Amino acid sequence: MSESTLSRTAGPTPNAGLGDRLTRLLDVALLLLLLVVPWVAPSFWTYILALSLANAIGVLSVSVVIRYAGEVSIGQNFFIAVGAYAVAILQARLGVPFPVGVAFGTLLGCVMGLAFAWPSRKLSGVYLSVATLALGLCVPELLLHWTDITGGFEGINVKPNLVAGVPGGIQQFYVALGGFAIVVIALARFRHSRYGIALLTARHHAKAAEAFGMPLASVRLLVFALSAGIAGFGGSILAFASSTVSPNSFTFWSSVYLLVGSVVCLYSTKPSAAFFGGLFITLLPQLLSDYGELVEIIYGFTLFVVIYLFNIVLPHLQAAIRRKQARNGHG
Amino acid sequence: MDMANHGAGLVAKEIKLAFGGLQVLNNVSVSFPPGVITGLIGPNGAGKTSFFNCLTGLYRPNSGDISLDGRALKGVSASRRARLGISRTFQHVALSPELSVAENVQFGLHASRKSGLADALLPLPSAWSDREESRHKAIEALSLVGLSHLADVPAGGVAPGTLRLVELARAMVGRPRVLLLDEPAAGLNSSETKDLVQTLRQIASRELVMVVVEHDMDLIMQICDVINVLNFGTLIAAGTPAEVQANPLVAEVYLGAADD
Amino acid sequence: MLSLIWQGAITGLLYAIASLGLVMVFKSSHMVNFAHGSMAGFCAFIVYMITSGLEWPWLVGVLAALATAVALAAIAYFAIAPLITKEGTTATIATLGLGLMLQGLILSLFGANIVNLDLPLPSWSMQVLGLRITLYELVVLGVATFIVVFLFLLIDRTRLGIAFRTVSTHAFAAEVCGLSIRRVHLFAWIASAILGVIAAVLIVPTTFLSSTTVTTFMLQAFAATVIGGFDSLPGSIIGGILVGIATNLFAFYVAPEFMNTFLLVFIFTSLTIFPGGILSRRAGGRV
């Protein structure tokens with residue numbers, strides 16, 4: 001059985017090398033284009049793109065769970081809120097500089113991720129998904145309770161004061177771009193690391209992974225630590241880029257939106273794809289700001305269309321083409 | 001390692017395993033000494049793969065003891081057993097189609113690699129040498145099965161028969177103490193099988209415990225020094241290939257059936 | 001204290017009914033339906049629209065809601081069906097897409113207002129051993145008992161029920177035997193949606209109805225399912241009652257505003273104490 005899945009899923013495309021080179025070219029072009037944005041684009045667009053980059057980090061944190069563990073998380077808003085509020089609270093209440101806040105937010109996210117995944121580390125992914133639902137839903141009530149620290153409904157303002165004398169918008173943009181680049185590079189390294197290899201084996205053959213030293217519990221804990229760390233980091237960047245944190249930005253639904261972002265970029269951890277995912281979920285609500293309820297319908301619909309396209313339509317087409325080639329080969 | 005330390009190899013004593021009411025293994029006692037290629041045969045459903053799963057720690061037997069060189073393995077997880085040098089291949093190819101062939105083989109080194117999480121994410125120099133070394137070892141193992149030219153091809157694009165050899169390379173790359181092969185020749189054509197026999201002879205050594213489950217009788221008779229026969233979870237015969245072939249009981253339940 | 005437990009158990013029965021729906025879908029299709037709450041919420045709004053908006057009788061509202069539930073379940077199932085065989089989480093993710101669409105639909109059709117939806121029951125109550133029992137509670141108890149007995153008879157005695165049990169334990173064998181897996185799936189999805197609606201319509205009178213309440217109420221149902229085990233129908237009844245009592249006690253003695261956090265901790269605790277559900281037996285053999 002596994003043999004047939006193995007040969008079915010891949011099918012080496014003759015121009016795989018070309019495709020790789022093309023995406024790399026796209027990534028570089030995107031980076032160069034983004035580098036000049038604050039100098040050529042209106043400040044509104046600079047702001048939107050900064051938010052997109054920060055959201056793209058959140059999207060990556062969702063994609064990591066799906067790609068490396070084959071599980072769904074809809075509680076990422078928790079870890080993102082941890083990172084965002086870490087930066088905001090440290091800056092506003094204790095005057096701690098932003099880089100320290102980021103480091104703290106990322107670490108705290110990691111620890112929370114481990115603690116969260118621990119109870120269900122040996123169980124079927126279903127239990128994990130349901131736990132992420134509870135995790136996602138409990139964020140607002142926690143933020144609204146300790147108003148002295150969190151600022152309640154209003155939230156806290158985050159000052160872009162990393163480099164004195166540089167306009168806030170430019171700081172926010174480059175911090176978001178830098179943060180995104182760090183995550184993307186780290187994930188590219190991770191893919192070929194000892195753990196990347198182990199996780200991708202475990203995803204397809206859990207028993208084989210276990211027999212070579214990577215049991216399910218390790219897979220879960222590692223992936224959630226990584227994903228929550230990225231989410232915490234992304235939250236920190238988001239707080240800086242949007243200059244404010246408030247409970248409304250971290251509801252359960254924002255996790256579902258991140259999942260939509262991850263689906264539209266096909267769970268990819270490649271830079272241009274992840275950026276597109278972030279852009280999609282940042283731009284759409286802006287464009288449709290007068291028709292709030294439409295956003296959810298469009299998100300849901302897009303999610304369906306993309307899943308159908310890549311799980312049903314394309315495989316059918318590929319099979320049809322292969323049949324045709326086979327017929328021509330015989331004829 | 002000197003001769004005295006080659007130890008007892010892998011020893012299973014009175015293994016019993018049941019799923020619900022189904023008795024899969026019934027008092028199976030076998031020892032697999034180092035330097036000997038042991039065959040494990042029996043009709044489908046005789047419990048061979050379940051026995052392998054008990055040896056590697058994927059299943060927990062209801063009773064009985066397994067030890068490696070005198071060290072009891074009771075309560076030792078599959079992952080820890082991997083670290084002790086127990087390695088295996090699977091009846092159904094269990095590689096990741098997303099990884100390249102070389103990366104799949106590198107996974108065989110997972111338990112012995114030291115690089116940590118920081119190395120996985122950050123560009124540290126220590127990580128580079130670890131990655132280089134593991135890739136080098138993987139390609140070495142691949143050349144042993146004659147596949148080093150496929151190193152960078154995604155495993156999903158490789159023919160199923162070839163993937164069996166990739167799995168063999170993955171099982172060998174960490175220089176294991178115990179090598180358990182679950183139907184290594186299934187899906188191979190005759191010339192590939194001939195190559196496999198040669199490779200297995202090449203890797204057999206005085207230190208290595210090698211166990212082969214196989215339906216291809218020619219292969220088993222050619223390479224095994226000792227053969228054990230399982231039927232309905234019970235060990236019914238053991239001995240040299242010639243002895244087993246001459247055993248009327250075996251001929252009745254297994255060889256006879258295969259000749260039809 | 002006793003009355004808190006009693007009330008909690010009654011609400012818990014409703015969580016149990018919703019949880020039975022989740023388990024039916026999981027047992028047949030091996031996936032989680034995250035749109036379960038949105039589907040039930042949508043139908044609850046249908047009841048509200050008909051009884052309060054059009055001022056038609058309750059029975060019409062309930063029948064319309066049930067019809068909507070059946071239709072939604074059928075649409076949802078046929079949309080999801082081709083994805084069930086796909087790798088891992090695809091189908092589960094698709095249900096989130098479905099939930100999003102329904103959520104948006106509720107917002108655009110019924111708005112974001114909070115509304116009241118009361119059952120047409122006289123406020124009657126009696127005292128039993130110092131416990132005040134209301135008519136509402138008796139109705140819930142009656143409906144829940146009826147549903148549980150009906151469902152278990154259905155699964156235990158009818159051909160469809162036998163097919164359902166076969167599919168849930170041996171999907172492959174069922175296919176070989178010529179059982180129509182699709183029909184069994186469809187049965188499970190429709191039954192699940194109906195269970196969801198009944199639970200939603202009965203729970204809404206105790207709180208209020210808004211675009212988000214039913215979705216969050218489903219968290220209680222999910223928690224019940226985790227405690228009961230995703231593959232155990234009896235487990236979800238026990239789980240529902242436990243969650244109902246625990247949340248009621250928590251809301252009274254500790255802090256009602258931390259309900260979701262409490263449920264998270266509750267889920268964690270239950271995963272640690274009863275991995276795989278309260279009724280699961282630790283099987284020897286496979287590790």
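**A chat about the chains**

Reply: Happy to. Let's start with one residue in chain B: B:Asn27 counts as partly exposed, because it has 14 C-beta neighbours inside 10 Å. Keep in mind that this is a predicted model.

Me: Okay, where does B:Asn27 lie?

Reply: B:Asn27 is part of strand S2 of chain B, which covers residues 22-32. This residue is not a glycine, yet B:Asn27 has a positive phi of about 55°.

Me: And what is phi of B:Phe232 near?

Reply: For B:Phe232, phi is near 45°, a positive value in a residue other than glycine. B:Phe232 sits in the loop between strand S10 (226-231) and strand S11 (234-239) of chain B.

Me: Why is B:Phe232 called partly exposed?

Reply: B:Phe232 has 15 other C-beta atoms within 10 Å, so it is partly exposed. A buried residue would need 20 or more, and an exposed one 12 or fewer.

Me: New topic. How is chain A divided?

Reply: Chain A has domain 1, residues 44-287, and domain 2, residues 293-331. The C-alpha centres of domain 1 and domain 2 of chain A are 30 Å apart. Their contact takes 7 residues from domain 1 of chain A and 8 residues from domain 2 of chain A.

Me: Which elements give two or more residues on the domain 1 side?

Reply: On the side of domain 1 of chain A that touches domain 2, they are helix H13 (252-264) and helix H14 (271-287) of chain A. H13(A) gives the most, with 4 residues. By class, this side of domain 1 of chain A has 7 nonpolar, no polar and no charged residues.

Me: How many residues does the contact between chain A and chain C take?

Reply: It takes 37 residues from chain A and 38 residues from chain C. On the chain A side, the elements giving two or more residues are helix H6 (125-137), helix H7 (139-145), H13 and helix H15 (292-330) of chain A. H15(A) gives the most to that side, with 12 residues. The side of chain A that touches chain C divides into 26 nonpolar, 6 polar and 5 charged residues.

Me: What about chain B and chain A?

Reply: That contact takes 37 residues from chain B and 30 residues from chain A. Helix H2 (78-83), helix H3 (101-106), helix H4 (117-121) and helix H6 (160-172) of chain B each give two or more residues to the chain B side. That side of chain B has 19 nonpolar, 12 polar and 6 charged residues.

Me: Let's jump to chain C. How many helices and strands are there?

Reply: Chain C has 11 helices and 3 strands. Along the sequence, the pattern is α-α-α-α-β-β-α-α-α-α-α-α-α-β.

Me: Why is chain C called as compact as a globular protein of that length?

Reply: Its radius of gyration is 19 Å, close to the 19 Å that the globule rule gives for 287 residues, so chain C is as compact as a globular protein of that length. In chain C, 48% of the 287 residues count as buried.

Me: Which way do S1 and S2 of chain C pair?

Reply: Strand S1 (residues 125-128) and strand S2 (residues 131-134) of chain C pair in the antiparallel sense, over 4 bridges. C:Leu131 in S2(C) is the bridge partner of C:Val128. S1(C) and S2(C) form a hairpin with 2 residues between them, and C:Leu129 in the turn has a positive phi of about 50°.

Me: Thanks, that helps!

Technical notes
Residues are numbered from 1 along each chain as its sequence is written. Chains are lettered from A and ligands numbered from 1 in the order in which they are written. This is a predicted model: local features need pLDDT of at least 70, side-chain atom pairs count only at pLDDT 80 or more; totals for chains, interfaces and linings use all residues. Domain bounds come from an automatic or database domain assignment. Two residues are in contact if their C-beta atoms, placed from the backbone, lie within 7 Å. Ala, Val, Leu, Ile, Met, Phe, Trp, Tyr, Cys and Pro count as nonpolar, Asp, Glu, Lys and Arg as charged, and the others, Gly among them, as polar. The radius of gyration is taken over C-alpha atoms; the globule rule is 2.2 Å times the number of residues to the power 0.38. Two strands pair if DSSP finds at least two bridges between them.
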